[in-house]
Amino acid sequence: MKWSGYKNLEELSEHDDADLDHLKRRITFAALVIIFFVTIIFGRLWFLQLHMGEEYRHRADNNRVRMRAIAAPRGNILDAKGRELVTNRPSFNVVLVREDSNDVDKLLKKLALSLDLDISVLWDKIRDASSKPRHIPIRLLEDVDWETLAYVENHNQEFPGIRIETVPVRVYHYGNLAAHAIGYLGEISKKELAARNSDIYAGGDLVGKMGLERLREKDLRGEKGSSSSEVNAKGFEQQLLKSVEPLPGNDIQLTIDAELQKVAEDLMASGDKAGAVVAMEVKTGRMLVLASSPVLPLNQFVGGISHKNWNALLENPKHPLINKVVQAMYPPASTYKMITAMAGLTAGVIDADTVFYCPGHFKFGKRRYHCWKRSGHGAVNLKRAISESCDVYFYQVGLRIGVDRLAEMANKFGLGHKSGIEMEHEKSGLTPTKAWKKKRRGQKWQEGETLSVAIGQGFNLVTPLQICLMTATIANGGKQLFPQIIEKVTDPDGKVLEQLKPVVVSELKGDKALLQQIREGMEEVVEGRRGTARNIRIDGITIAGKTGTAQVVRLKQYKHLKEEDIPYKYRDHAWFTCYAPADDPEIAVTVLVEHGLHGGSGAGPIAKALLENYFADRLQKAATEEDSRIEAAGQER
Amino acid sequence: MLRIDRRFLHSFDWILLALVLCVSGMALMNLYSASYPPSPWGIPPFLKQCYLFLFGMMGILFILFFDYKVLYFWNYPFYIFIIFLLVLVLVVGNSAGGAQRWINLGLFKLQPSELAKLMLVVTLSSYYSRKEQSDGYGVKAMVTPVLLTLLPFLLILKQPDLGTALMLGIIFVSMTIFAKVRWQTYGLGIILGSAAGVFAWFYLLRDYQKRRIETLLNPAKDPMGQGYQILQSKIAVGSGGVSGKGYLEGTQGHLHFLPERHTDFAFAVWGEERGFVGSIFFLGVYFFMLIWGLYVAMTARDRFGVFLSFGVVMLIFWQAVINLLMILGFLPVVGIPLPLVSYGGSSLLTTLFALGILMNVRMRRFQTGQNIEKMK
């Protein structure tokens with residue numbers, strides 16, 4: 001071979017045209033090859049861009065557009081006077097969107113290192129959520145502090161796939177006030193998610209789990225907003241495409257008065273008492289106080305309650321998880337005597353002047369039925385029987401009218417059935433009848449049992465709310481009012497969606513004067529010289545009430561013991577129910593203290609404190625007037 | 001020697017020039033979008049490519065002054081020079097992604113393997129135009145061209161750059177078939193070729209190269225890995241639809257879903273932004289330019305000119321076909337650019353020089369051997 005082909009040049013020129021023609025014919029073949037491939041490429045372009053164009057367009061959008069729901073702030077919960085009980089504050093969660101992160105392992109290591117976290121905890125969270133779709137954010141850290149928030153936000157370019165999610169969480173301005181009525185939130189469960197509308201709820205959402213938070217979920221939840229933003233291949237957000245603001249939930253104003261509720265709860269808590277305090281406006285059915293003690297620790301539920309805390313609640317002997325206002329049943333004891341009296345008066349077996357002699361016991365059949373006062377009350381009429389709570393009197397009355405008519409009267413005052421109040425798992429209580437016993441126990445009614453029922457023991461069971469309703473019915477002249485706890489519901493624009501209207505469930509027919517005789521007896525309980533609740537008298541307000549002491553067990557072995565020596569769980573429950581002012585009743589208050597021993601001493605003072613608070617303005621005014629009157633009188637002299 | 005015949009101007013291939021300018025113009029426009037937004041530091045790829053394009057056009061002008069036959073004389077020095085560069089790149093080359101492909105020349109990084117493609121076209125053209133065999137080449141006659149191809153082939157494979165190495169093989173096969181070989185030669189070639197293929201699969205191919213081929217056969221197998229690129233490329237092209245998303249409006253490219261969007265996958269950006277209509281137009285012009293190149297070969301005045309122009313067309317054509325079939329999801333991801341369209345100085349210059357050679361052949365189609373004598 002030569003570097004320079006001068007000789008070759010001649011070779012080149014020597015080629016004949018025929019040879020060149022052969023060569024050029026092969027060029028035609030090459031052109032066909034080109035056309036062949038061009039056809040394939042054009043065909044493929046047709047397939048991708050025209051035939052599948054729509055599909056790929058969609059996939060391109062899926063690639064780049066991230067839809068995100070924005071949680072709506074839940075509606076606020078206010079008290080009767082408009083005080084904010086429960087509102088929201090923003091909380092910041094650190095979340096991971098796996099779809100936007102191409103190396104989760106590396107990312108977590110970096111995050112754990114920067115924020116000084118335990119990486120295994122992060123991995124656990126991811127494993128828990130591994131069945132969820134890759135675009136669903138996984139919460140790594142909840143409710144982080146400002147420092148963490150600022151760090152993650154400032155270094156977001158280093159953490160592809162990590163985002164800050166802002167979620168409103170509940171703030172309880174009054175602590176655990178009215179916890180059972182208000183309830184708490186929790187993360188939506190898989191079961192709830194399946195049952196509820198999937199357009200509204202998504203995994204990780206907070207929903208009401210108890211109380212009004214649950215019952216009024218629809219009002220409170222609001223409407224989620226959404227934002228669509230464009231992300232690049234690394235998952236970093238480039239720009240916001242569309243954003244719909246969330247619509248806050250409706251505000252709910254309760255009938256509960258935070259101040260009164262607080263008085264009730266504090267008093268119960270200070271004595272470490274278990275039980276319930278219920279107060280109601282007797283003319284409207286507004287529930288002013290709905291306290292169950294011990295209260296629920298609401299703050300423990302924010303962000304999910306821990307196992308340890310939950311078990312502690314479950315195992316607490318005072319059952320904080322039970323809303324004792326409606327979910328616990330107790331024998332009504334002496335508070336039931338108004339029913340017996342009313343049944344007797346209505347049936348005509350007694351009148352105001354009917355007198356029974358109480359020697360301290362009542363013999364029926366082979367048994368002696370004791371009065372609480374072993375020495376006996378002597379001759380008692382209705383007024384005294386109520387004010388001194390003479391058992392023997394009511395044995396006599398009960399015996400004369402029979403258990404069925406007692407139950408009938410009890411039902412008219414709200415006992416024995418659910419009131420329908422907006423609280424969960426309300427118990428209906430029990431007003432026994434002969435038919436009931438036959439059906440449930442398969443046994444014939446024993447007349448002796450009527451005696452127990454007549455004084456509120458035996459099979460009788462009531463909730464504290466029912467006793468309060470009964471008291472209110474007596475106070476207002478026989479109207480059974482529907483107990484309501486929601487004053488009004490307003491939407492975020494302030495439009496009133498729902499406004500409380502008093503509802504009369506039923507009205508006592510017959511002589512209203514009969515009821516007056518019972519009221520006089522009740523007034524005597526507090527105001528009378530020998531009343532069982534003399535200790536709760538308040539100057540300036542006349543109170544009518546009734547004490548009750550509900551036997552928990554009838555054990556001979558404890559009979560001889562001093563009250564303080566009886567084990568807690570065998571001590572009697574203490575009832576006190578009352579209304580005031582006696583001449584024109586406004587409020588009914590019922591207090592039940594579990595194992596509180598005596599109605600007058602165990603439960604009465606709490607009712608007294610409530611009434612003092614409720615009437616504080618009037619009492620103050622009366623006192624000032626009194627002072628100035630005295631002063632004026634002094635100056636005259 | 002530098003005397004320009006007035007007839008040259010007259011017979012200059014204005015159509016080919018127009019086609020080249022048309023394709024390059026669209027390609028530069030596309031590159032602007034593909035590398036948008038420009039990075040804040042250094043010369044943006046778009047500008048760099050513009051400079052190189054102008055440099056390439058000047059190169060074409062320079063080439064046009066000489067009779068293409070010069071290549072015939074200077075073929076072997078050219079060959080040795082390129083082999084020297086290929087060896088040099090293995091010794092001092094810049095490595096990127098585990099491959100040593102570039103020699104840093106300051107202003108731009110030279111990729112000798114790109115030049116090697118053109119070098120092979122020239123070398124084979126000059127070999128086959130020398131030794132005409134009317135009944136086709138026998139096995140013995142094939143030894144020299146095979147060895148001439150194998151040397152740069154192995155050097156490029158060593159970098160490693162499988163795509164470019166295969167490109168040399170394809171150029172060799174196209175030109176050899178075009179030169180006509182005997183049936184025995186075909187037979188032996190196929191046997192040796194497949195043996196080499198099997199050997200390569202088991203002993204030469206690296207894992208990532210094998211994976212690329214496997215991914216092609218089953219892209220759904222790992223959507224975030226090798227198949228991801230092909231999938232994103234298909235989404236980009238497909239989402240362009242009939243008329244495209246509009247210039248600079250492509251989301252696949254600008255949001256970085258598309259890999260290598262300004263180099264190997266540059267056409268996917270065009271497909272996304274210009275849609276079916278724009279793609280057909282662009283490729284129509286592009287392939288018409290190649291068909292025109294074959295027409296140049298048809299009208300060449302001598303055997304060397306025919307081989308040279310045919311080789312140049314094949315050089316561009318096979319790269320384009322392989323690149324497009326890869327973008328459209330028919331071939332694995334091999335590093336083959338779309339000539340004139342993909343960003344890359346060496347490829348652009350090589351392609352422009354090749355097209356310059358084509359213009360040269362066309363321009364001197366009426367010149368006789370006599371004229372050459374005079375030129376000397």
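What share of the contacts in chain A with a separation of 6 or more is accounted for by residues 24 or more positions apart? The share is 73%, two residues being in contact if their C-beta atoms, placed from the backbone, lie within 7 Å.

The model is predicted: local features need pLDDT of at least 70, side-chain atom pairs count only at pLDDT 80 or more, and totals for chains, interfaces and linings use all residues. Residues are numbered from 1 along each chain as its sequence is written, while chains are lettered from A and ligands numbered from 1 in the order in which they are written.

**View 1. Chain A and its secondary structure.** Chain A contains 22 helices and 23 strands; helices (H or I, at least four residues) and strands (E, at least two) are DSSP runs, numbered from the N terminus. Of its 637 residues, 43% count as buried. A residue is buried if 20 or more other C-beta atoms lie within 10 Å of its own, exposed if 12 or fewer, and partly exposed in between, with C-beta atoms placed from the backbone.

**View 2. Helix H18 (residues 464–475) of chain A.** Because 12 of the 12 residues of H18(A) are buried, the helix is largely enclosed by the rest of the structure. Among the buried residues are Pro464(A), Cys468(A), Met470(A) and Ala475(A). Their cover includes helix H13 (337–347), helix H19 (512–527) and strand S17 (479–481) of chain A. Gly477(A), which follows H18(A), has a positive phi, near 90 degrees.

**View 3. The open sheet S12-S11-S23-S22-S21 of chain A.** Five strands form this sheet with antiparallel pairing, two strands being paired if DSSP finds at least two bridges between them. Strand S12 (287–293) and strand S21 (544–550) of chain A stand at the edges with a single partner strand each, so one side of each is left without a neighbour in the sheet. Neighbouring strands are turned by 5 degrees against each other on average, direction ignored. Axes are lines fitted to C-alpha atoms, for helices over the stretch in contact, and angles run from 0 to 180 degrees between N-to-C directions.

**View 4. The antiparallel pair S21(A) and S22(A).** Seven bridges join the two strands; Thr549(A) has Ala574(A) in S22(A) as its bridge partner. Helix H21 (residues 599–614) of chain A packs on the sheet, and its direction makes about 30 degrees with that of S22(A).

**View 5. Helix H16 (residues 434–441) of chain A.** The number of buried residues among its eight is zero, so H16(A) lies largely in the open. Just after H16(A), Gly442(A) takes a positive phi of about 70 degrees.

Methods:
Expected span 1.5 Å × (residues − 1).
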